[in-house]
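Reader: I have a structure to look at and would like to go through it with you. May I ask some questions as we go?

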Amino acid sequence: MKLLRRIAWWWNRNAEARALAEELAEHEALKRAELVERGIDPAVAAQTAKRAMGNATWMREEARAVWIWPWLERLGQDVRYAIRTARKAPTYSLGVIAITALGIGASATVFSVVDGVLLRPLPYPGGERLVFFDNGSHSPPRFRDWQRGIRSAERWAAAWRGPEDLVGAGAPQRLMTAQVSPAFFEVFGGRAAIGRLLSAGDYEGDGSEVVLGGRFWRQRFGADPAIVGRRLTIGGRGVVVVGVLDDRFVEPDQIAPRPTDVWRPLVLPAAIATDRRYSILDVAARLKPGVSLAQARAELNTAATELFRQNPDVHGNGESKPNPIVILPLKQAIGDQMSKPLWILLGAVGLMLLIAGANVVNLTLARGADRSRELAVRASLGAGRSRLARMLMTECVTLGLVAGAIGLGLAHLGVKSLSALYPGDLPRAAEIGVDARVAAFAVITSILLTAIAGMAPALGLKSRWLSEAVKSATGSGTGDRSRSALVVAEIALALTLLVGSALLFRSFLAIVNVPPGFSPETVGVANLVLGDRFKPEQRLAFADAAVRRIRAIPGILDAATGGVAPMSRFGRSRCCWAERGVRSETGEPSDTRVMLHPIGARYFETIGATVKGRTVSDESALAPPYPVVISDHLATKLFGATNPIGQRILTGRASRKPAESTGRPSEGGWIVQGVVSGLHLFGLDQDREDEMFVPYRQLGGDFDEIKLLFRSSGAPGAMIPAIRAAIRDIDPSIPADDIVTMPAQVARTLAEPRFYSTLMAAFGGLALILAAAGIYASMLYVVRQRSREMGIRLALGAEAGDVTRMVVGRAGRLALAGLVIGGAGAVALGQLLQSLLFGVSALDPVAFGSAAFLLGVTALAAAWLPARRAGRTDPLTVIRSD
Amino acid sequence: MTTERTPELLPGTLDLLILKAVARGERHGYGIALYLKQVSDSVLQVGESSLYPALQRLMLQGHLKAAWGLSENNRRARYYTLTPSGKKQLAAERAEFDRMIVAIHRVLATA
């Protein structure tokens, strides 16, 4: 209220001042009249009345002080003055603002990502006590034993994630579902928007009660509140909706898919619930209050041994040793993959900020001479030191605020494009944004930067203000040394960044140039999920029908089914059946996991991979030893130099129980029929792995994901509608939305290295521009300062070229010093980058050489412009000007 | 000639007196000063230099509002009236003042 009245007064301040003046005049008139009435001489009365009224200006100021806080008014003055000063030197002000805003924009962008992904507490109750159970997913029996045997944890959450189809109620749709353990929503603080979440009773039946994700509910059902109680068919089973999860719930990456469309109770068929081979659960727990991570880890070591003693089958590592139980703080697990690259990026952006800071100091130093005269005049006119300091401070802060605001705007755009550029989804994406924390970071950094840069020269000048008051600004080299140091520092920092971006770029090129081992150009893949509603025979029948159908489409050269498509899985989401400890008939068991991929006929022909020997087909034998195609990697491992074709492969461990559920051969083993060479199944930058390709029928149709691969004569993208129609034709209830081309798929696997190298290239480029600007400004200043000297030299007979060379030579020496120092910095940065590099040494001479060359040439070019001007100095003008 | 004495008001009482002066009806600044002087038998004399800032302050606080009217001279003058919050403020300050005076009397009355 009061503030509103203050503002209203300020709005009408002129009218208010007039009103007061009129009021006071009337007061005076009335007083005079009274005095006259009392018989006092009018002249005397007038004088008395006037004296009583006192000083009108003072009264006006007093009234004003009632309404407007005096400090606010003084601040306003300083700011107005600062703006006036800034406008008098537009090049300087714009330069400072632009440089600072760029630096702030870049660093606030990266900071907001780091803050959102790594720093901010998890949005879950007791989030700092949440731990993630690492080492992949875990089997149901293991999870059950952990809950029983581990005392450090008070609450457990596990989820089995996977795609399932929604059929009926409109077009069929692929959903991401998570089957969650009873305490899941308690651990992660989920709330129901309508209806209820899963309750204990839901775990007693067959698990047909489901909770919908908020986003799915809005998108598919238009946020229909009547959804509760509705029956749906998901994954071939009838389920009933009991509630909708609040929209603000953030799925914990690592545990549940983001976004999860449907939440189901974790109710497993007995066969899976007791099978140690189904590693399907992602597990987190909340530690008891007061239990430290170290204590929990100590307990887990003991627990691992004890559980192994009780149940070696479930808790062993396959080599008669307890499987270690590894926990990570959940926050760390979520940010884990990105944490190192993000810190490096933040460091890179910090270096850029330093270059920006050096540039601002440089600009301010160059302006110092004009400024010192002005300050000296002000000081000699009686301005106190503190008043001058406040004036300078206000100027810096004003520029800093403007730059900070622009920088925030840039950061807003930056975060948006960064999220768009990032492959897939950034972890905790919903929490990333320019918020109050980021704004505070940006504005404070910006003001600090400009204030330090702006005040530093002023502090240095203080003692000389008076003595230099009347001197002109032709003074020789004071400040020269600090300016040189700044230029050297800028070049050093810029080189460090440039080498970093060159390394990442070279690494990216190295990845792109890896031969994939197949020919992706005209290949496409339809990713389908055949859920529980399909019996194994139906799945096989569908696969056969689909392949026949697709091969008949004009423009399709070949088609095949497979359990895995090249480049379709990367990062943590590995797949497939795996077998440990396979061996050759004569050899020791291999210690690595061997992955089993079911494939249909003409799989390798379709993707264009090279197979030595014969491939497997539907006609392959269905009794042991099963025919199999193995990767060259596995072939070398098992058979060394001997020709693997015709060799037998045996499973390492003795079979403990018949494996009807999976149909995997446990005895009798496999016989190698072909070897596929150089195939990168999981990503160009991934190591090739130990793989076995077996005919589909060998696994008895026990799979629910199926890839329909096709090779076309033209661009594969053009075939997508026809493929989709073909699938719909066979079974309209199967969602066929997810059809992608292999080139796009390959690009996705490259997205992460591309992301980091693009970002580093952007920072490197900015650093280059900033360094060039710094050198240019610095040399220009030197040339201007020494114009008299140049003039005299020229007058004494120096050639224009000599003078130009002198200036360029000076810049060259500085650049050289910067390159040497920066080279050392780049070596250090390279060590940090090592883990992000692929096929490139951290000391790659090409990266170092090209960065140094680019920077050196840029530096000389930036120096040459002012140098040429120096060579053209007209001696007469210069000498006369004094 | 009148003898001009600097008014020695108790601190904080000026606002109370002004509010009281306009409690029964609108007055302009001069009217307020005149009223206080007459009613107090010239004991309370409010200087213009403190009267006007006080009026501004009371307006800022929302206790007074001003409107233009005609003065005895037939010229425009600013007339002040109490707002509802001003009425409350007057009552409160008055109660506080009474309490203070009683307390001071008590102290003075002790032997």
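Reader: Which residue of β9(A) does A:V131 stand opposite?

Author: A:V131 stands opposite A:A285 in β9(A). Please keep in mind that this is a predicted model.

Reader: How many bridges join β1(A) to β9(A), and how do the two strands run?

Author: There are 3 bridges between β1(A) and β9(A), and the strands run antiparallel. β1(A) is also joined by 3 bridges to β10 of chain A, residues 327–329, and that pair runs antiparallel as well.

Reader: And in β10(A), what is the bridge partner of A:F133?

Author: The partner of A:F133 there is A:I327.

Reader: What about the two faces of β1(A): which residues lie on each side?

Author: In this strand, residues 130–133, A:L130 and A:F132 lie on one side, and A:V131 and A:F133 on the other. All four are buried, and both faces of the strand are covered. As a general point, side chains in a regular strand alternate between the two faces of the sheet.

Reader: Let us turn to A:Y278. Where is it found?

Author: A:Y278 is in the loop of chain A between α10 (270–273) and β9 (282–287).

Reader: Is A:Y278 buried or exposed?

Author: A:Y278 is buried, because 20 other C-beta atoms lie within 10 Å, and the cut-off for a buried residue is 20 or more.

Reader: Which residues is A:Y278 in contact with, leaving aside its neighbours within four places in sequence?

Author: Those contacts are with A:S139, A:P140 and A:I272.

Reader: Now chain B, please. How many helices and strands are there?

Author: Chain B has 4 helices and 3 strands. Starting at the N terminus, their order is α-β-α-α-β-β-α. Of its 111 residues, 27% are buried.

Reader: Which residues of helix α1(B) are buried?

Author: Within this helix, residues 13–21, they are B:L14, B:L17, B:I18, B:L19 and B:A21. The elements of chain B that cover them include β1 (27–28), α2, α3, β3 and α4 (84–109).

Reader: At what angle do α1(B) and α2(B) pack?

Author: The angle is about 100 degrees, and their axes are 10 Å apart. That makes α1(B) roughly perpendicular to α2(B). B:L17, B:I18 and B:A21 of α1(B) meet B:I32, B:Y35 and B:L36 of α2(B). This contact has 6 nonpolar residues, with no polar and no charged ones.

Reader: And how far apart are the axes of α1(B) and α3(B)?

Author: Those axes are 10 Å apart, and the helices pack at an angle of about 75 degrees. α1(B) and α3(B) are therefore roughly perpendicular to each other. Here B:L14, B:D15 and B:I18 of α1(B) meet B:S50, B:A54, B:L55 and B:L58 of α3(B). By class, the residues of this contact are 5 nonpolar, 1 polar and 1 charged.

Reader: One last topic: how many residues does each chain give to the contact between them?

Author: Chain B gives 18 residues and chain A gives 20 residues. On the side of chain B that touches chain A, α2 (29–39), α3 (48–61) and β3 (76–82) each supply at least two residues.

Reader: Which element of chain B gives the most to that side?

Author: α3(B) gives the most, with 8 residues. The residues on this side of chain B comprise 5 nonpolar, 7 polar and 6 charged.

Notes: Residues numbered from 1 in each chain as written. Chains lettered and ligands numbered in written order. Predicted model: local features only at pLDDT ≥ 70, side-chain atom pairs only at ≥ 80, totals over all residues. Contact = placed C-beta atoms within 7 Å. Nonpolar A, V, L, I, M, F, W, Y, C, P; charged D, E, K, R; others polar. Buried ≥ 20, exposed ≤ 12 C-beta atoms within 10 Å, placed from the backbone. Pairing = 2+ DSSP bridges. Axes fitted to C-alpha atoms, helices over the stretch in contact; angles between N-to-C directions. Parallel < 35°, antiparallel > 145°, perpendicular 65-115°, else oblique.
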